[in-house]
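Please look over the sequence and the model below before reading on.

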Amino acid sequence: METALFASFSSITAELSPISLTHFLATTVLTTALVLYFLLRSKSIYLVDFTCYLPPENLRVPASKFIEHIEISGIHDKESVDFQAKVLQRSGIGSESCMPVTVHEIPSYSSLEATRKETELVLFTVVEELLSKHNINPKSIDILVSNCSLFCPTPSISSMVINKFGFRSSIKSISLGGMGCSAGILSISLAKDLLKVHKNSLALVLSMEAVTPNGYNGKRKSMLLPNILFRMGGAAILLSNRKQDKGIAKYELQHLVRTHIGSDDQAYESVFQQPDEAGHVGVSLSRELVHVATKALRINLSELGPLVLPYSEQLRYGWSMIHKKLWFLPKQKAIYVPKFSKALQQFCVHAGGRAVIDGIVDSLKLQKEDGEASRMTLHRFGNTSSSSVWYELCYLEAKGRVKKGNRVWQIAFGSGFKCNSAIWKCIADIDRTERNAWSDSIHSYPIDDDAPNVTK
């Protein structure tokens with residue numbers, strides 16, 4: 001039998017010409033090489049490092065200065081001033097948060113040039129710090145994604161950065177606008193998708209919101225709230241899909257889930273830029289905002305939960321849902337809320353305001369400590385919009401909370417209405433003494449954020 005098979009194989013190979021045999025062997029080697037390449041190539045997205053903007057002390061806006069400023073400026077009537085003072089007192093924002101220089105002027109003013117200067121100050125600073133820290137040549141950046149919701153100049157913000165640092169002409173650059181406070185995670189999602197296509201690449205993500213052009217001078221209370229909550233800030237994040245960067249990276253992206261419930265009118269209108277009755281343009285924050293955020297989070301969790309939760313928590317939640325639907329079983333008080341703390345160790349909830357933070361922490365049945373980074377970021381820096389989740393991660397690093405192997409959950413909310421989640425796994429030993437935006441004040445935190453703001 002073996003002799004017959006050998007004779008048959010010999011006859012086949014004998015019929016092949018030398019060229020055909022060479023083609024066959026070459027095709028086999030090439031196919032094997034391609035299979036090995038696709039099997040062994042890195043599919044991971046690494047967070048090499050990030051930097052958060054630290055405003056100079058002369059731009060601080062203590063509560064007393066904020067109220068005195070709007071009183072002297074004469075823009076707002078007494079009812080509007082009293083309302084802003086009352087809300088600021090309970091906002092959870094401390095005396096160290098900052099606003100751009102033009103907002104300190106009396107009267108404050110807004111212009112295209114002033115807004116561009118604020119944007120350049122924030123982004124040029126964080127990009128310079130991040131690139132110089134790792135000795136990265138700007139021409140080695142392959143992808144640039146920037147986001148700023150309410151300032152969309154021509155040339156774009158990404159073009160401003162390219163011009164300043166001399167990025168190469170083949171860079172893939174994108175500027176996002178109008179995406180709200182969730183745009184930071186959305187930008188990470190876009191960069192991740194681009195890195196999946198462009199191998200062996202570095203991506204730079206820039207997140208900020210311009211405060212200069214967005215002051216509201218009318219009387220509508222829902223539109224006065226952003227005056228109180230938003231402060232200047234920004235972040236630069238360096239991502240990579242290169243294998244050699246795994247050794248220097250801090251985190252690896254594990255999951256990213258995006259939710260958009262804009263088809264619901266209440267959600268769509270919960271954060272809305274519009275003119276008031278007198279023609280003053282501002283952003284309105286509706287009373288239903290916390291409810292909308294909770295709804296968006298619930299939908300987001302339905303997709304995120306199966307990706308991160310242990311089977312025991314998934315089964316308990318599933319049984320809770322079945323129990324509710326079966327009429328012959330005793331009624332339960334509420335649907336079981338999975339314990340995400342069993343799968344995730346650190347939490348960065350967007351510092352949109354005290355009510356938002358408390359509402360999300362309560363909805364997830366987290367401990368008060370799990371919301372500490374968000375509350376302290378709100379106190380120290382205010383609502384910095386899309387960059388707030390990076391100030392929170394920066395806080396956790398400065399406190400020495402993030403350990404190798406920990407998983408960090410960033411939760412961002414924004415107009416539209418959107419809820420975005422990113423799960424990062426820490427793959428390095430984080431040095432808590434490494435200088436960052438919290439270094440000068442971390443020894444003073446946490447503070448009692450339930451106490452009234454000190455107006456001095």
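This is a predicted model: local features need pLDDT of at least 70, side-chain atom pairs count only at pLDDT 80 or more; totals for chains, interfaces and linings use all residues.

Residues are numbered from 1 along each chain as its sequence is written, and side-chain values use heavy atoms, with hydrogens and water left out.

The second largest pocket holds about 510 Å³ of space. Its lining consists of 19 residues, and Arg-298, Leu-301, Tyr-317, Tyr-336 and Pro-338 lie nearest the centre. These lining residues comprise 11 nonpolar, 5 polar and 3 charged. At least two lining residues come from each of H11 (289–308), H12 (311–325) and H13 (354–363), and H11 gives the largest share, 7 residues.

Helix H11 has 20 residues and spans 27 Å from its first C-alpha to its last, close to the 28 Å expected at 1.5 Å a residue. A kink of about 40° lies at Ser-302 in H11, shortly before the proline Pro-306. Several residues of H11 are buried (under 20% relative accessible area), among them Leu-297, Leu-301 and Leu-304.

A disulfide is taken as a pair of cysteine sulfur atoms within 2.5 Å, and the count by this rule is 0 disulfides. Cys-52 is in no disulfide, and the nearest cysteine sulfur, that of Cys-394, is 4.6 Å away.

| Cysteine | Relative accessible area |
|---|---|
| Cys-52 | 5% |
| Cys-98 | 3% |

Notes:
On a 1 Å grid over the protein atoms alone, a cavity is a set of points where a 1.4 Å probe fits but cannot get out, and a pocket is an open set with protein on both sides within 12 Å along at least five of seven lines; lining residues have an atom within 4 Å of a point. Grid points are joined across faces, edges and corners, and a volume is the space filled by probe spheres set on the points. Helices (H or I, at least four residues) and strands (E, at least two) are DSSP runs, numbered from the N terminus. Ala, Val, Leu, Ile, Met, Phe, Trp, Tyr, Cys and Pro count as nonpolar, Asp, Glu, Lys and Arg as charged, and the others, Gly among them, as polar. Buried means under 20% relative accessible area, exposed over 50%, partly exposed in between (1.4 Å probe, protein chains only). The expected span of a helix is 1.5 Å times one less than its number of residues. The bend at a residue is the angle between axes fitted to the seven residues ending there and the seven starting there.
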